[in-house]
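Student: Hi! Could you walk me through this model?
Tutor: Happy to, ask away.
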Amino acid sequence: MALIFLAPELSLAQDESETTFPLEKFYVERKNKARSIFKNFRFGLSTGYGNTFFSHKLDGYDVYQAPGQSPAIFPIGTGAAIRYTNWVNVVSTDSSPTVPGSFIVSSATSKLGFKGNALNIPLKATLHYEYKKYRIGGGYSYEFMSIGKFHPISRGDNIADFKPSGSTGFMKKYFGLLGVSFYRLNDYLFTADANIGGFKPGGNFDKSSIKKGIYINLGVTVERQLSEYLTGFVRPSFDYKKYTLNIPGSAGIDHQINAFYVNVGVTYTLPELKKCFHKECRIQINHAHGNKEYRSRVHPIYKKQNPGYGENDPTLIKYKGKNKRKLNPY
């Protein structure tokens with residue numbers, strides 16, 4: 001009798017096992033995302049403001065100051081018959097007769113040198129790869145530079161300021177990039193990074209007489225995500241670089257040209273998916289047509305989105321603007 005009651009249950013269990021249909025048969029198999037290898041690459045473009053701090057010492061030189069003229073220098077022991085009137089970006093000489101009553105001071109008895117500033121406006125492009133909190137890449141910077149006046153570091157009561165000829169030009173930089181993200185504050189990500197590479201002064205420098213060193217730029221990038229693929233950032237940084245200007249028949253002059261920068265720009269990520277091909281499609285999430293997956297057509301590049309349902313604003317509309325003063329915003 002018990003077997004009679006158990007028979008339907010055994011039959012039902014057997015039927016279920018035999019009629020089970022693999023669920024994957026109900027879904028179209030999506031193709032691999034060929035562009036996914038690019039999803040961690042970031043293209044960056046920025047501009048901003050920079051200030052270069054020129055400074056040099058004149059060890060082994062005398063300074064010659066004629067009344068009402070710009071200062072000049074000459075190597076110790078050679079006399080003032082041939083003087084150098086520009087020793088910053090090019091070597092210029094003056095062999096005119098010395099003016100009676102001119103002031104001459106030697107670096108053997110005084111600490112001689114000059115310092116000045118230059119305005120920089122950079123246009124900078126970068127490409128880097130992100131893996132977790134680390135970054136590696138490279139970049140290129142094209143900068144307008146305008147050199148201002150130089151002031152003596154001593155004996156300013158006897159030595160005048162001067163401005164070198166050919167004071168404006170364009171400097172180029174090429175560098176590798178390394179970075180690590182170390183802190184997040186709400187929507188802002190902080191990343192310490194370094195640019196290490198070379199630089200090439202503009203045409204207003206006599207590059208055949210210049211021996212350059214490498215340059216190192218250290219900074220902190222503060223980023224805020226603007227959309228799924230677009231991020232805005234501010235990057236204060238500091239440059240360390242120098243060059244030596246060779247003076248014929250005498251010791252070269254070492255110039256420090258450290259600089260402070262503030263760059264403002266954006267980075268762009270290549271989308272992992274192609275934009276939906278259907279012009280009338282208004283789906284806001286990543287979705288499939290057939291066996292291929294697409295991103296939404298209605299996601300503007302400048303607007304932050306949630307791949308799940310579109311807009312991703314941390315503050316609800318009922319708490320925004322004038323609505324936040326209403327007891328019932330709806």
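Student: Which strands each supply at least two residues of the nonpolar patch?
Tutor: Those are β8 (134-152) and β9 (168-185). Strands here are DSSP runs of E with at least two residues, helices are runs of H or I with at least four, and both are numbered from the N terminus. Keep in mind that this is a predicted model, where local features need pLDDT of at least 70 and side-chain atom pairs count only at pLDDT 80 or more, while totals for chains, interfaces and linings use all residues. Residues are numbered from 1 along each chain as its sequence is written, and side-chain values use heavy atoms, with hydrogens and water left out.

Student: Which residues form the nonpolar patch on the surface?
Tutor: L45, L123, Y140, Y142, F170 and Y174, with about 600 Å² of accessible area together. Areas come from the Shrake-Rupley method with a 1.4 Å probe, and for residues only the protein chains shown count as cover. Patch residues have over 30% relative accessible area and no salt bridge; nonpolar side chains (Val, Leu, Ile, Met, Phe, Trp, Tyr) are joined within 5 Å, like charges within 9 Å.

Student: And where is Y140 placed?
Tutor: Y140 is in strand β8. Y140 counts as partly exposed because its relative accessibility is 37%; buried means under 20% relative accessible area, exposed over 50%, and partly exposed in between (1.4 Å probe, protein chains only).

Student: Which salt bridge involves E143?
Tutor: The side chain of E143 meets that of K173, at 3.1 Å from N to O. E143 sits in strand β8 and K173 in strand β9, so to speak distant parts of the chain, 30 residues apart. A salt bridge puts a side-chain nitrogen of Lys or Arg within 4 Å of a carboxyl oxygen of Asp or Glu.

Student: Is E143 buried or exposed?
Tutor: E143 is buried, with a relative accessible area of 2%, and K173 is buried at 2% relative accessibility.

Student: What about D187, which residue does it form a salt bridge with?
Tutor: R224, with the closest N and O atoms 3.2 Å apart. D187 lies in the loop between β9 and β10 (188-200) and R224 in strand β12 (residues 215-225), so this pair ties together parts that are 37 residues apart in sequence. D187 is partly exposed at 32% relative accessibility, and R224 is partly exposed at 32%.

Student: How many salt bridges does the structure hold?
Tutor: There are 9. Among them is K241 with D239, whose closest N and O atoms are 3.0 Å apart. K241 is buried at 3% relative accessible area, and D239 is buried at 0%. Salt bridges that share partners also join R42, E130, R135 and E223 into one network.

Student: New topic: how do β2 and β3 run?
Tutor: Strand β2 (residues 61-65) and β3 run antiparallel, joined by 4 bridges; strands pair if DSSP finds at least two bridges between them. D62 has F74 in β3 as its bridge partner. The two strands form a hairpin with 6 residues between them, and G68 in the turn has a positive phi of about 75 degrees.

Student: Which way do the β3 residues point?
Tutor: A72 and F74 point one way from β3 (residues 72-75), I73 and P75 point the other way, and all are buried.

Student: What pLDDT does the chain average?
Tutor: The average is 85, and 81% of the residues score at least 70; pLDDT is the predictor's confidence in each residue, from 0 to 100. Over residues 1-14 the pLDDT is below 50, and this stretch has 0 contacts (heavy atoms within 4.5 Å) beyond near neighbours in sequence.
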